[in-house]
Amino acid sequence: MSVVKRCFGKAGWASAFGLWVGAGLCFSSVAHAFTLSYSSALQGWQGNTLSFAVNSSQCGISQAALYSAIDDAIALWNRVPNSRIRLSRGPEVTTTVAQALAGNAASGLPTTLILCDPNMQATFQAGVSPNLDPDPSFTSNNIPGVTLPLPTDLTMDYAVLVLNSESGKSARISNLDSTVLRVVIAHEIGHVLGLGHTQDIANLMYFDASERAKLSLSQDDMDGIAYLYPRTELAGNGLYGCGTVQRSGGTGGRGPGARAAAEILIWLGVAWLGARAVRKFSKWRIA
Ligand SMILES: [Zn+2]
């Protein structure tokens with residue numbers, strides 16, 4: 001939104017017609033409104049699949065309810081057509097929060113873990129592991145989930161997703177309705193995949209996931225995941241079999257070149273009309 005405002009803000013109405021011609025350029029700069037977590041140079045996970053091991057033992061909700069929420073959150077990301085990565089729920093494990101937060105890709109633990117912390121505030125205030133700086137201001141009152149991504153050389157290879165199950169805290173997951181729980185888990189999985197926060201509430205990766213009442217991905221969310229995990233078509237030889245199909249009985253199809261030329265001509269015409277309108281308007285004002 002802010003980019004669009006900047007594009008149109010200083011324009012007078014007299015130049016609106018001409019500005020319309022440039023609007024396409026402005027809108028094209030709105031794309032890629034996602035951010036990456038950890039570093040703007042972050043690479044995603046290697047490979048095409050990622051399996052989330054789960055320790056549901058301290059979550060304060062039934063294992064079935066947790067699994068159902070995780071499965072729905074995973075399915076949401078799996079529906080992005082241009083992303084190659086496919087997620088799944090892995091085995092139930094007994095890894096503790098302390099073990100998981102102290103681990104890394106070389107520690108032999110599952111590399112993607114979802115677990116719950118009934119002592120979340122103390123855990124994150126104390127730091128508990130070399131991977132985690134102590135944060136005395138951390139409060140679990142309004143934070144339902146936290147993700148700790150631990151990439152190696154800017155490539156994702158280990159991440160821990162901690163859900164809040166702290167007694168007496170309003171953000172503990174047993175207090176969330178089923179949709180918000182799914183939104184929270186899907187948002188944290190976005191961090192596991194390598195996405196950072198955005199400032200647009202329309203995005204799942206908006207910094208306050210609990211503000212969203214619907215489990216869905218925006219175009220920005222999908223662009224982010226497709227950027228980190230582009231589909232590799234015809235992987236191996238880099239060959240792309242594109243072409244123009246000619247209609248049978250016709251005198252030849254109009255290929256992409258002809259279409260591009262036609263579009264350029266149309267835009268030149270629009271620009272000429274816009275310039276003429278601006279000149280005419282200026283004359284009226286002088287008169
Ligand atoms: Zn977040």
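Two residues count as being in contact here if their C-beta atoms, placed from the backbone, lie within 7 Å. On that basis, take the contacts in the protein chain with a separation of 6 or more: 67% of them join residues 24 or more positions apart. Keep in mind that this is a predicted model.

Now for the overall layout. The protein chain has eight helices and five strands, and from the N terminus on they run α-α-β-α-β-α-β-α-β-β-α-α-α. Of its 287 residues, 29% are buried.

Just after helix 6 comes Gly-194, which takes a positive phi of about 120°.

What about its meeting with helix 3? The axes of helix 3 (residues 63-78) and helix 6 come within 8 Å and cross at roughly 55°. The crossing of the two helices is right-handed. Here is who makes the contact:

| Helix | Residues in the contact |
|---|---|
| Helix 3 | Ala-69, Ile-70, Asp-72, Ala-73, Ile-74, Leu-76, Trp-77 |
| Helix 6 | Ser-178, Leu-181, Arg-182, Ile-185, Ala-186, Ile-189 |

Sorted by type, the residues of this contact between helix 3 and helix 6 come out as 10 nonpolar, one polar and two charged.

Notes:
Residues numbered from 1 in each chain as written. Predicted model: local features only at pLDDT ≥ 70, side-chain atom pairs only at ≥ 80, totals over all residues. Helix = DSSP H or I, 4+ residues; strand = E, 2+ residues; numbered from the N terminus. Axes fitted to C-alpha atoms, helices over the stretch in contact; angles between N-to-C directions. Left-handed = near helix turned anticlockwise from the far one by under 90°. Nonpolar A, V, L, I, M, F, W, Y, C, P; charged D, E, K, R; others polar. Buried ≥ 20, exposed ≤ 12 C-beta atoms within 10 Å, placed from the backbone.
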